[in-house]
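Work through the exercises below with the coordinates open. Try each task before reading its solution.

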Amino acid sequence: MRHGKKFNHLGRTASHRKAMLSNMATSLILHKRISTTLAKAKELRKYVEPLITRAKEDTTHNRRIAFSYLQSKEGIKALFGEVAEKVAARNGGYTRIIKTGFRLGDNAEMCIIEIVDFNELMLKDAKPAKKTTRRSRRGSGKAADSSDAETEAPAAKAEGESTDDKKEEKSED
């Protein structure tokens, strides 16, 4: 029986799985977006998000722990540099998985995993959507009074012109 054994081995030995996740995490940090299978992306998310959380506090200890996972000096520089700056205000959820369909050869479900704050297309869409002002259902008194005054003024002018025209007609007769 396999009760309580949730770990996805991804069809690999422990050393192969560790090396693969390390390489994928380095690629994700350096390129900000990679394409992979859904199962690998879900495991990569569990692997890389704690590293990004550690990178928010730049200490020697955190750098050494991250290096033990990534085994890449360039990856560590990028992680503690630009990635940590972008996600400093975020409390979690540093990665996004977007499903892209199925692979032709073996019909494996493919996806793109990316670091959230580096997708310029989604950032542009998200910024205009935020609106801080609220509108009430009832109109304010000033706006309603000014619109009423504007509608009454042309009506009064029209009436005034018509009475003047009538007076001129009477005087001509």
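**Exercise 1. Helices H1 and H2**

At what angle do the axes of helix H1 and helix H2 cross? Classify the arrangement, then list the contact residues.

Solution. The model is predicted.
- Step 1. Take H1 as residues 14-31 and H2 as residues 38-55. Their axes cross at roughly 80° and come within 10 Å.
- Step 2. Angles of 65 to 115 degrees count as roughly perpendicular. H1 is therefore roughly perpendicular to H2.
- Step 3. On the H1 side, the contact uses Lys18, Met20, Leu21, Ser22, Met24, Ala25, Leu28 and Ile29. H2 contributes Lys40, Glu43, Leu44, Tyr47 and Val48.
- Step 4. Sort these residues by class: nine are nonpolar, three charged and one polar.

**Exercise 2. Helices H2 and H3**

Which residues of H2 and H3 meet? Describe the packing of the two helices too.

Solution. 
- Step 1. H3 spans residues 60-70. The axes of H2 and H3 lie 10 Å apart, at an angle of about 160°.
- Step 2. Angles over 145 degrees count as roughly antiparallel. So H2 and H3 are roughly antiparallel to each other.
- Step 3. Their crossing is left-handed.
- Step 4. Tyr47, Leu51 and Arg54 of H2 touch His61, Asn62, Ile65, Ala66, Tyr69 and Leu70 of H3.

**Exercise 3. Salt bridges**

How many salt bridges does the count come to?

Solution. 
- Step 1. The count comes to eight salt bridges.
- Step 2. Glu82 pairs with Lys32, with 2.9 Å between the closest N and O atoms. Glu82 sits in helix H4 (residues 73-86), and Lys32 in the loop between H1 and strand S1, 50 residues apart. Buried means under 20% relative accessible area. Lys32, at 11%, is buried. Glu82, at 39%, is partly exposed.
- Step 3. Asp58 and Arg63 form a salt bridge at 2.8 Å, N to O. Asp58 is partly exposed at 48%. Arg63 is partly exposed at 31%.
- Step 4. Glu114 and Arg96 form a salt bridge, their closest N and O atoms 2.8 Å apart. Glu114 belongs to strand S3 and Arg96 to strand S2, so the pair ties together parts 18 residues apart in sequence. Glu114 is buried at 1%, whereas Arg96 is partly exposed at 21%.

**Exercise 4. A network**

Which residues are linked with Arg96 in a network of salt bridges?

Solution. Arg33 and Glu114 join Arg96 in the network.

Key:
Residues are numbered from 1 along each chain as its sequence is written. This is a predicted model: local features need pLDDT of at least 70, side-chain atom pairs count only at pLDDT 80 or more; totals for chains, interfaces and linings use all residues. Side-chain values use heavy atoms; hydrogens and water are left out. Axes are lines fitted to C-alpha atoms, for helices over the stretch in contact, and angles run from 0 to 180 degrees between N-to-C directions. Helices (H or I, at least four residues) and strands (E, at least two) are DSSP runs, numbered from the N terminus. Angles under 35 degrees count as roughly parallel, over 145 as roughly antiparallel, 65 to 115 as roughly perpendicular and the rest as oblique. Contact means heavy atoms within 4.5 Å. Ala, Val, Leu, Ile, Met, Phe, Trp, Tyr, Cys and Pro count as nonpolar, Asp, Glu, Lys and Arg as charged, and the others, Gly among them, as polar. A crossing is left-handed if the near helix is turned anticlockwise from the far one by less than a right angle, and right-handed if clockwise. A salt bridge is a side-chain nitrogen of Lys or Arg within 4 Å of a carboxyl oxygen of Asp or Glu. Buried means under 20% relative accessible area, exposed over 50%, partly exposed in between (1.4 Å probe, protein chains only).
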